[in-house]
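Dear colleague,

Here is the structure you will be working with. Please look it over before reading on; my findings follow below.

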Amino acid sequence: MAQLLTLEESQFHPGEQAIHHLLHIPQRDNPTHHGLPVPLGYRISQAPLVAFGALDQQGRPWATIWGGEAGFCRPIARGVLGVRATADVNHDPVLRGLLENEENREVVDDAVIQPDGGKLMAGLAIDLETRDRVKIMGRMVVGTANLTKPGIGDLQLALQVEGSLGNCPKYISRKHVVPHVPQPELVSAEIGKNDPLPREAVEVISKADMFFIASKFGNRSMDTNIRGGAPGFVRVLRNSPADEGGVSLVYPEYSGNRLYQTLGNLHQNPEAGLVIPDYETGDVLYVTGKTTILVGEKAGRVMPRIKLAVRIDVAEARFVKNGLPFRGTNIDFSPYNPAVRPLACEKVPTVTGTESKDGGIATAKLVHRKVITPTISQYTFKLTGERAKRGPLKAWLPGQHVTLDFAPELDIGYSHMRDDDPQSLNDDFVRTFTVSRPLDASFVDENGYMEEGVEPEVEITARRHGPATRFLERWNMRVSLEIPVLGFGGVEGFRLPTEHEGENVSVFVAAGVGITPLMAQAPGVLGAAGGGKRLRLLWSLKGEDLPLAVDVLERIQGLGEVTRLFVTGKIGENEKALMDTTVQSLGAEVLERRIDSSDVLSEGEKGKRKFFCCTSPDMMKVLLKWMEGENVLYESFEY
């Protein structure tokens with residue numbers, strides 16, 4: 001059920017605050033929801049996989065992955081998730097940490113484990129086909145395992161959810177996942193304690209494009225999250241027997257939503273559990289160890305050109321062949337992925353700039369800039385590039401985003417202090433912008449790729465916020481500017497239907513530049529049969545941003561007639577004139593107040609409407625409370 005955080009709950013804990021201070025992150029509230037809002041519960045039920053973290057009897061965190069098909073983890077009561085999964089009862093460290101008998105350290109068939117106060121857990125539900133993911137944290141209140149065949153068990157758990165958070169899809173490779181009955185075979189259980197990593201485990205690490213990491217904040221809470229990148233982004237720093245230094249891994253921390261919940265935990269409790277899966281074979285490496293957070297020069301000495309990294313000195317690990325209850329095939333890699341950075345000790349020549357990514361999938365040449373308000377501008381890029389070398393360019397869909405790499409222009413390398421722009425100390429300068437104008441359909445062939453020889457244009461509408469948008473805003477348009485394009489993407493579910501069934505209505509709720517996902521989709525929706533009756537727009541924006549409303553409503557025919565505009569903040573004479581003449585003449589209803597629950601719930605009929613929301617995190621919390629029990633999708637621009 002959607003709930004608002006109390007003031008105390010909305011704050012970051014001391015470890016998170018310390019990391020924010022270290023990395024010069026602006027102060028903000030913690031967006032984690034208390035409990036489990038209904039929309040997040042629904043998203044979890046649609047996830048084929050959930051990575052779980054738990055503690056062993058020594059208090060060390062471990063991580064695992066369960067699932068294979070949607071529905072195995074779903075809400076069963078208010079704030080409670082039920083889990084029914086098949087897993088390896090002998091070697092899965094999370095299952096054993098939750099269900100093994102404390103006296104004989106065995107998982108007893110059909111024994112019901114109901115610990116006083118519950119056992120700490122955390123999870124990350126993830127749909128790798130859509131890149132949708134939801135974090136959960138809480139406690140296992142009851143669990144049991146039915147041993148169906150040697151080494152395999154059907155487990156059932158109930159998890160009381162204390163907090164949840166919808167996360168960004170950055171750096172996640174898309175995969176198609178199917179269930180598979182595991183046949184676990186333990187290759188080595190002495191890694192870190194005595195033995196080095198076996199060859200097969202090193203191969204799994206070398207081709208991994210993601211892993212899951214569990215951490216803890218004392219005995220109060222846990223966190224489980226994903227780390228992704230190009231295959232090989234995790235490096236083996238040392239692989240020796242324990243008496244010769246042991247096993248150490250290093251991975252780079254890329255710029256994300258900047259909550260730093262994992263690093264905050266590691267700052268306070270420098271222990272982590274990792275699970276590194278091989279989706280093709282079902283082989284899996286489980287790791288627990290001590291972590292060291294490397295920042296700035298310390299990170300660069302270990303992994304050149306990286307400003308933030310984590311080192312894991314392995315205390316214990318186990319490598320299990322065919323141990324996962326699913327298989328996965330790759331669909332595509334994340335367009336955000338930076339180039340793989342070898343370790344300094346690997347003596348591998350490194351490349352810089354666009355060469356490290358082969359120039360991306362295309363080059364975006366800035367051809368036009370339109371200033372709409374003092375802080376909002378539209379930028380038009382023409383896509384160029386030698387297609388023969390890079391392959392055909394897949395056409396993007398309305399509502400998707402483009403990922404641009406500004407590092408060749410903005411990354412000046414390591415600097416101990418940057419008082420003019422302290423956030424750049426932890427910045428990969430990879431940015432995503434929603435494409436705000438639909439693609440010319442004549443440019444697309446029957447297979448969904450760009451016709452040979454065309455140079456399509458991509459338009460973005462963005463507010464000045466950070467070094468990339470400041471750079472674009474100040475660029476001298478008489479000088480050519482080319483930016484590598486890493487790819488196009490977006491949550492596929494966040495697309496408005498162009499074919500409507502019955503009386504169903506799409507209600508789009510936007511705040512400020514949160515209108516951009518609708519800008520490219522609205523022409524197709526309104527142009528479909530009955531589209532004007534099937535779309536409603538509730539748009540909240542400040543008076544100073546009214547020129548944006550004029551620009552959008554003028555260019556998208558029919559949008560004004562389905563729009564209610566809520567204007568807040570300072571409204572001067574110029575803004576008043578825009579509202580009373582231009583905006584209203586375009587068919588929009590203008591209200592000089594904040595949007596409230598009655599405005600939202602008066603659109604359409606419950607059960608026959610779907611909400612699409614793109615607002616700030618704080619506004620989204622309020623909307624989720626109002627929309628409890630509704631069909632809601634929302635998108636975040638925090639990545």
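How many aromatic pairs does a search of the whole structure find? The search gives nine. Please keep in mind throughout that this is a predicted model.

Aromatic pairs

A pair of aromatic rings is described by the distance of the centres and the angle of the planes. One of the nine pairs is made by Phe52 and Trp66, whose ring centres are 5.2 Å apart. Their planes stand at 50 degrees, so this pair is tilted. Phe52 belongs to strand β2 (residues 49–55) and Trp66 to strand β3 (residues 61–67), and the two are 14 residues apart. Phe52 counts as buried because its relative accessibility is 0%; Trp66, at 1%, counts as buried as well.

Phe211 and Tyr251 have ring centres 5.0 Å apart, with the planes at 75 degrees, so this pair is edge-to-face. Phe211 sits in strand β11 (residues 210–217) and Tyr251 in strand β14, so the pair ties together parts that are 40 residues apart in sequence. Both residues are buried.

There is also an aromatic cluster, formed by Phe406, Phe433, Phe471 and Trp475.

Arginines over rings

Two arginines lie over aromatic faces. Arg43 is over the face of Tyr634, 5.4 Å from the ring centre. Arg318 is placed over the face of Trp62, at 4.8 Å from the ring centre.

Nonpolar cores

Which residues touch the most other members of the largest nonpolar core? They are Phe52, Trp66 and Leu155, in a core of 57 residues. Phe52 and Trp66 are the partners in the tilted pair described above. Leaving aside neighbours within four places in sequence, Leu155 is in contact with Trp66, Val83, Arg84, Ala85, Ala87, Leu95, Leu99, Thr144 and Ala145. A second, separate core has 35 residues, among them Ile213, Tyr254, Leu274 and Leu285.

Arg131 is in the loop between β6 (119–127) and β7 (132–149). Is this residue buried or exposed? Arg131 is buried, because its relative accessible area of 9% falls under the 20% cut-off.

Tyr260 is found in the loop between β14 (247–252) and α5 (261–268). Tyr260 also counts as buried, at 9% relative accessibility.

The protein overall

The protein has 15 helices and 30 strands. With 639 residues, a compact globule would have a radius of gyration near 26 Å; the value for this protein is 25 Å, so the two agree. Along the principal axes, the C-alpha atoms fill a box of roughly 80 × 55 × 50 Å.

Buried residues make up 56% of the 639 residues. Among contacts with a separation of 6 or more, 74% are between residues 24 or more positions apart. The accessible surface comes to about 26600 Å², and 47% of that belongs to carbon and sulfur atoms.

Regards

Notes
Residues are numbered from 1 along each chain as its sequence is written. This is a predicted model: local features need pLDDT of at least 70, side-chain atom pairs count only at pLDDT 80 or more; totals for chains, interfaces and linings use all residues. Side-chain values use heavy atoms; hydrogens and water are left out. Helices (H or I, at least four residues) and strands (E, at least two) are DSSP runs, numbered from the N terminus. Buried means under 20% relative accessible area, exposed over 50%, partly exposed in between (1.4 Å probe, protein chains only). Rings of Phe, Tyr and Trp (its six-membered ring) pair if their centres lie within 6.5 Å; planes under 30 degrees apart count as stacked, over 60 as edge-to-face and the rest as tilted. A charge sits over a ring if NZ of Lys or CZ of Arg is within 6 Å of the ring centre and within 35 degrees of the ring normal. A nonpolar core is a set of buried Ala, Val, Leu, Ile, Met, Phe, Trp, Tyr and Cys residues joined through side-chain atoms within 4.5 Å. Contact means heavy atoms within 4.5 Å. The radius of gyration is taken over C-alpha atoms; the globule rule is 2.2 Å times the number of residues to the power 0.38. Accessible areas come from the Shrake-Rupley method with a 1.4 Å probe; for residues, only the protein chains shown count as cover.
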